[in-house]
Amino acid sequence: MPAIARSLDDALSPIKDGCVLAVPRESSGAAMAATRALIRRGIKRLTLIALPTSSLQADLLIGAGCVDTLETSAVSLGEFGAAPRFTAAILKGLIRMKDATCPALHAAFQASEKGVPFIPLRGLIGSDVLKNRPDWKIIDNPFANDDPIVLLPAIKPDVALFHAPLADREGNVWIGRQRELATMAHAAERTIVTVEKLHDGNLLADPALAAGTLPGFYVEQVAVVERGCWPLPLPDRYAWDAEHLKEYVSLAATDEGFAKYLDKYVHEKKAA
Amino acid sequence: MADYKPTEMMTIAAARLLKNDDICFVGIGQPSAACNLARLTHAPEITLIYESGTLATKPTVLPLSIGDGELCDTALTTVSVPEMFRYWLQGGRIKVGFLGGAQIDKFANLNTTVVGPYDKPKVRLPGGGGAPEIATSCGEIFIIMAQGKRSFVEKLDFVTSIGHVSGGDSRQKLGVKTKGPTKLITDMAVWAPDPATKEMTVVSIHPGVTREQIQENTGWTVKFAASVAETPAPTAKELEVLRELHARTNRAHAAA
């Protein structure tokens, strides 16, 4: 039975140095307050898997030196431009990059949630993404002739971490239509969720809410953090903080500027 | 004759390729502008699907990124991203995929990953996203890109998404059954694959553009079809709708 954690740091305690950490794309609920808390703690050597893409979350963790290996299909700040710390780390060879694709990551998580060791996927043959993934294999479809197909190994993260609108005291989490959050939780060894607020009553007792609810038995820790996605959006609740992201892009262009950003927004305890 | 910019001609020429009954997977940026121009002019019933899982999307302003709330707010519904990839894209329900890229070669293979060696890149781009599977799972692919020697290159450093691979039947030989890129729309011309070699070939030149200019902005020796048409200039209506769309978009995002 998941408990409502006394503090964000308590909830994050299962995320250890060297952990394989899965996080969602920015518009599904990136746990940014939790990300800042991990950086404050000085977490190291993460294998970060962003399902299927990332923006500020990966950029911050990489810039702060928390990441050894990144597996995802794209990193950018969208309309705000390239992800500056990601780009710098790749050009300097500071992190190991495992380029994937969106369908491939969704499929590899799906394999794990079903407990199968691999999953076939169409559409990668011919791409250099496949050539740079020695762990992805091409086989002949055993049920047909001349039908090569790619097999992907299942991805089983140590911890899945995301932010959602609501949880109840049983640890049930309302994710709405962000169904990939359920896939992440099904696939991961442990799941840690931050939420905007606690829901009175049981989310699974209301049929309308139950359809969008991740049952608590997949969830190990819940912490309440208002505006936990800031400065990124929470779907249907709040949008990006565009001014903040512009400030980030200009500061994070240099090592010194990025250090200033961390001092101002991450290490300062009142981080919004 | 109406005065217009080359990028406006590009968007308009691309929009004209889309039909009312198309189900189209739309990339952000130029593809999104072209698809919505089609929807606001000759193809009001076109079904636009964005990577974020929005189905039958009808944005009043152009989204700035795939997570833009405008997409969700104006869609018939939003399915989750894995549902969209698994059951729409990979389930074979999408007729046209509309892509852009950082670099393209003569067989319309696309690079959105790195410039330079993969292990020691000169430029790191965002990455493939879902483009490799889009390029192979949609019935056919339209590509929209402005021309230039740095983007239209003889050889890609990294093939993120395949087009016609190395030409001829090389795409089919990989086991891929969809058509691949059937049109490439640039700010200078419309290109289509040669039926035999599959090399992208200029089939229509935009008004006022010369063959020499097209060659100067292409990193390989350009082939022109036996009969090259002139792209009809934008109509007053097309320009008006496109400019209104951009103006609405700018106002909305300035206010946000």
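This is a predicted model: local features need pLDDT of at least 70, side-chain atom pairs count only at pLDDT 80 or more; totals for chains, interfaces and linings use all residues.
Residues are numbered from 1 along each chain as its sequence is written, chains are lettered from A and ligands numbered from 1 in the order in which they are written, and side-chain values use heavy atoms, with hydrogens and water left out.

**Figure 1. Overall view of chain A.** Chain A contains eleven helices and 13 strands; helices (H or I, at least four residues) and strands (E, at least two) are DSSP runs, numbered from the N terminus. Its radius of gyration is 19 Å, close to the 19 Å that the globule rule gives for 272 residues, so chain A is as compact as a globular protein of that length. The radius is taken over C-alpha atoms, and the rule is 2.2 Å times the number of residues to the power 0.38. Along the principal axes, the C-alpha atoms of chain A fill a box of roughly 60 × 50 × 30 Å. Buried residues (under 20% relative accessible area, against over 50% for exposed and in between for partly exposed; 1.4 Å probe, protein chains only) make up 58% of the 272 residues of chain A. Of the contacts (heavy atoms within 4.5 Å) in chain A with a separation of 6 or more, 74% come from residues 24 or more positions apart.

Figure 2. Helix H4 (residues 56-63) of chain A has seven of its eight residues buried, so it is largely enclosed by the rest of the structure. The buried residues of H4(A) are A:Leu56, A:Gln57, A:Ala58, A:Asp59, A:Leu60, A:Leu61 and A:Ile62. After H4(A) comes A:Gly65, with a positive phi near 80°. A:Ser54 lies in the loop between strand E3 (46-51) and H4 of chain A, and A:Ser54 is buried at a relative accessible area of 6%. Apart from neighbours within four places in sequence, A:Ser54 is in contact with A:Thr72, A:Ala74, A:Val75 and A:Ser76.

Figure 3. Side chains of opposite charge can pair when their charged atoms come close. A salt bridge is a side-chain nitrogen of Lys or Arg within 4 Å of a carboxyl oxygen of Asp or Glu, and a search of the whole structure finds 22 of them over all chains. A:Glu71, A:Lys98, A:Arg133 and A:Asp135 are linked in a network of such bridges. Between A:Arg133 and A:Asp135, the closest N and O atoms are 2.8 Å apart. A:Arg133 is buried at 3% relative accessibility, whereas A:Asp135 is partly exposed at 30%.

**Figure 4. Overall view of chain B.** Chain B has eight helices and 14 strands. The radius of gyration of chain B is 18 Å, close to the 18 Å given by the globule rule for 256 residues, so this chain is as compact as a globular protein of that length. Its C-alpha atoms fill a box of roughly 45 × 45 × 35 Å along the principal axes. Of the 256 residues in chain B, 56% are buried.

Figure 5. B:Ile12 belongs to helix H1 of chain B and is buried, with a relative accessible area of 1%. Residues up to four places away in sequence aside, B:Ile12 touches B:Leu37, B:Pro234, B:Glu238, B:Leu239 and B:Leu242. B:Arg16 lies in the loop between helix H1 (6-15) and strand E1 (23-26) and B:Glu238 in helix H8 (residues 236-255), so the pair ties together parts of chain B that are 222 residues apart in sequence. B:Arg16 is partly exposed at 27%, while B:Glu238 is buried at 14%.

**Figure 6. The salt bridge between B:Lys95 and B:Asp22.** The side chains of B:Lys95 and B:Asp22 meet in a salt bridge of 2.9 Å, N to O. This pair links distant parts of the chain, 73 residues apart: B:Lys95 is in the loop between helix H4 (81-89) and strand E5 (96-99) of chain B, and B:Asp22 is in the loop between H1 and E1. B:Lys95 is partly exposed at 33% relative accessibility, whereas B:Asp22 is buried at 1%.
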